[in-house]
Protein chains: 2
Amino acid sequence: MELSERKQKILAAIVETYIRTGEPVGSKSLMDVLPMKVSSATIRNDMAELVSLGLLEQPHTSAGRVPSHAGYRYYIDHLMGARELDADSRRKIEAAIGDGGDPEELLSKAGEALADLTNCAAVSTTPTGESARIRRIEMVPVGTRTAMLVLLTSGGLLKSRICRSDTVINVPLLERFYNVTSTQLVGKPLADVHTTAMQTLAASLGADAFSLLPFLAGVAELARDAAQTDIRLDGQSNLLGYRELEENAYELMEFLRNGEPLNALISNNRDDVQVLIGKENKYRQLERSSLILARYSVGGEESGTLGVIGPTRLDYAKLIPSVRYLTDLVGRLLTRSVRDEE
Amino acid sequence: MELSERKQKILAAIVETYIRTGEPVGSKSLMDVLPMKVSSATIRNDMAELVSLGLLEQPHTSAGRVPSHAGYRYYIDHLMGARELDADSRRKIEAAIGDGGDPEELLSKAGEALADLTNCAAVSTTPTGESARIRRIEMVPVGTRTAMLVLLTSGGLLKSRICRSDTVINVPLLERFYNVTSTQLVGKPLADVHTTAMQTLAASLGADAFSLLPFLAGVAELARDAAQTDIRLDGQSNLLGYRELEENAYELMEFLRNGEPLNALISNNRDDVQVLIGKENKYRQLERSSLILARYSVGGEESGTLGVIGPTRLDYAKLIPSVRYLTDLVGRLLTRSVRDEE
DNA sequence: AGTTAGCACTCGGGCGGAAAGAGTGCTAAC
DNA sequence: GTTAGCACTCTTTCCGCCCGAGTGCTAACT
């Protein structure tokens with residue numbers, strides 16, 4: 001779609017002021033904003049054409065114009081320029097994240113930082129465990145019948161839980177546990193270490209089966225936890241500050257809290273940075289919202305997603321670089337920590 | 001304050017229908033609800049007195065009556081009866097909680113269950129670490145320069161983190177670490193194991209100081225994490241469903257998210273079950289909300305808090321027993337798990 | 001003395017029309 | 001192709017009105 005330079009400038013100006021104010025933009029107020037000197041009538045003519053091209057909409061005849069989804073899209077693809085993130089925001093992000101720590105902590109910091117920075121809700125998923133393997137299993141007795149199990153994955157994820165059994169825990173039991181786990185479990189993909197597999201494994205152990213089973217089952221649960229990519233949501237309350245989301249606030253919150261559809265959206269995302277604007281989304285609850293999603297990769301492999309959710313009038317020019325920068329950073333930190341640990 | 005039996009019945013009926021409907025209650029509609037046969041005029045006379053006693057309020061002259069804070073209070077103290085929680089809710093709670101697991105998991109389940117059951121926001125704090133001691137410290141190498149630290153407290157709390165250092169981790173280093181920690185740290189109160197204490201400890205180790213310091217610092221951080229009672233909030237979005245909270249929704253959410261004032265409120269609570277109604281609260285943001293807070297004890301010691309936050313027109317008669325039941329349950333489970341592990 | 005019927009009164013909510021304001025679309029001139 | 005001018009449209013706001021719900025009071029009743 002070809003647009004004259006003036007039309008482009010007008011579209012950009014409308015998008016930007018609408019993002020700023022949330023009010024429909026009229027031809028007169030545009031005169032002050034545009035770099036060139038043209039009358040409001042000229043602007044009106046152009047706006048009328050932009051409407052018929054589907055790039056703008058008017059809420060009603062006598063109101064100003066508002067960008068349509070296609071308008072935002074055009075703005076993002078052609079007009080906004082691929083700005084670098086400003087140094088200030090970069091510093092803020094880095095300060096908020098520090099040097100990471102373990103993956104879950106890192107992601108939670110990243111989510112909070114993103115929510116704060118953008119004044120939107122932030123989604124984040126932990127690195128996928130799909131291809132992860134068990135790197136290490138530890139069992140530490142903490143009572144006569146209670147032990148702590150710790151699982152470390154090849155992705156650097158750390159999971160632990162307390163596990164109770166009916167038999168007394170003693171040194172031979174521990175030894176048998178280490179024998180079994182180090183020969184049978186360490187190195188296996190997480191997905192293979194499920195509860196039924198543990199039952200067959202225990203069955204093959206003869207006399208030890210009874211005493212080891214609870215702990216093997218515990219390992220299976222840890223593996224399940226670790227394999228599951230869980231999805232975090234930060235700064236939902238930020239969304240309440242936007243007038244245009246107010247009336248569906250409750251619905252929107254519930255939708256986000258539920259997580260499943262969000263998960264579907266996220267795992268659909270195969271692009272570098274994906275922008276979903278309003279009704280482009282198939283979920284009714286999101287029709288007044290936009291999403292910016294980006295994947296981060298750990299060790300060269302696409303692995304998880306970070307993103308923001310806000311009203312359609314997001315400051316795309318700033319947020320897209322923000323999200324991209326953050327995913328890069330998270331990916332780098334996670335990759336580094338995985339490398340370190342090998 | 002003495003009230004005639006009829007006035008009591010009227011007050012109770014007003015509180016209960018107002019809780020149900022959220023609309024001011026008029027004298028005529030009360031006729032149908034009240035067990036005795038009286039005319040609306042009589043009811044009006046009584047209502048007028050209840051107003052002058054400060055137990056009811058009228059939003060405006062020509063509206064029905066609404067319970068005042070004092071009215072709710074009177075209802076709670078004298079009229080609602082100390083109902084037991086119905087078996088159905090009890091079953092729901094128990095099903096949601098299962099048999100617990102580690103304290104943090106237990107509390108998060110409890111919070112979710114409470115939020116679901118009450119359709120309000122639920123607050124919960126992890127058991128206080130004030131008096132807790134370090135029961136156990138483990139260090140598991142997971143890379144040449146990276147190790148996992150695990151800390152277990154006498155309260156059954158389990159904390160772990162990944163810790164990086166500049167020196168290569170080898171067996172002698174591990175031995176030194178275990179030496180130091182088991183003689184110097186295990187058994188100490190969490191509060192004593194802070195970063196500066198670790199620095200002096202490391203300094204006293206001479207040549208080992210450099211290599212051990214990062215890990216001792218890691219232990220200090222774990223101890224800090226474990227000592228800190230963190231505060232969870234579940235089901236905030238439930239609050240959006242209440243008309244009377246709608247207009248301050250954003251403020252309220254932010255207030256809750258911040259956590260500090262909430263923390264102050266919670267730690268003030270020394271009663272068995274404390275009910276704070278609307279403006280009894282000193283926080284402006286909560287003036288349209290009520291809180292029901294109750295403490296749970298672990299091993300006979302008051303230790304943490306669970307509670308709900310909702311509009312002033314809470315169903316106190318149901319929620320107070322719910323909260324009490326849940327705190328009892330949580331206390332029992334936590335006490336049991338601490339006992340088990342000793 | 002307490003209860004009831006009756007009635008005038010008050011106040012908020014809803015409806016409608018008028019006025020204001022913002023912005024457009026069109027036409028005619030530049 | 002651009003601009004000035006103007007009539008037109010549509011929303012928002014305000015005001016006045018009426019309606020209904022509910023009250024408070026008085027006077028009568030038990």
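This is a predicted model: local features need pLDDT of at least 70, side-chain atom pairs count only at pLDDT 80 or more; totals for chains, interfaces and linings use all residues.
The contact between the chains was then examined. On one side, 35 residues of chain A take part, and they touch 33 residues of chain B. Of the interface residues of chain A, 94% are also interface residues in chain B, so the copies meet through the same surface. About 3000 Å² of area is buried between chain A and chain B, and carbon and sulfur atoms give 55% of it. Several elements of chain A each supply at least two residues to the side that touches chain B, namely α6 (103–118), β4, β5, β6 (158–164), α11 (249–258) and α13 (316–340). By residue class, the side of chain A that touches chain B comprises 12 nonpolar, eight polar and 15 charged residues. Between chain A and chain B, six residue pairs are in polar contact, both residues being at pLDDT 80 or more.

Side chains of opposite charge can pair when their charged atoms come close. Over all chains, the search finds 34 salt bridges. An example is provided by A:Glu105 and A:Lys109, whose side chains meet in a salt bridge with an N to O distance of 3.8 Å. Both A:Glu105 and A:Lys109 lie in helix α6 of chain A, where four residues, about one turn of the helix, separate them. Helix α6 is also one of the elements that supply residues to the side of chain A that touches chain B.

Two further contributors to that side, β4 and β5, are partners in a hairpin with four residues between them. Strand β4 of chain A spans residues 134–141 and strand β5 of chain A spans residues 146–153; their pairing is antiparallel and extends over seven bridges. Within this pairing, A:Ile137 has A:Leu151 of β5 as its bridge partner. Strand β4 of chain A also contains A:Arg135. A polar atom of the side chain of A:Arg135 lies 3.3 Å from the backbone oxygen of A:Ser154. The C-alpha atoms of A:Arg135 and A:Ser297 are separated by 20 Å, the two residues being 162 residues apart along the chain.

How values were computed: Residues are numbered from 1 along each chain as its sequence is written. Chains are lettered from A and ligands numbered from 1 in the order in which they are written. Side-chain values use heavy atoms; hydrogens and water are left out. Two strands pair if DSSP finds at least two bridges between them. Contact means heavy atoms within 4.5 Å. Buried area is the accessible area (1.4 Å probe) that two parts lose on being put together, summed over both. A polar contact is a pair of N or O atoms within 3.5 Å; within protein, one must be able to donate a hydrogen and the other to accept it, and residues adjacent in sequence count only if both atoms are side-chain atoms. Ala, Val, Leu, Ile, Met, Phe, Trp, Tyr, Cys and Pro count as nonpolar, Asp, Glu, Lys and Arg as charged, and the others, Gly among them, as polar. A salt bridge is a side-chain nitrogen of Lys or Arg within 4 Å of a carboxyl oxygen of Asp or Glu.
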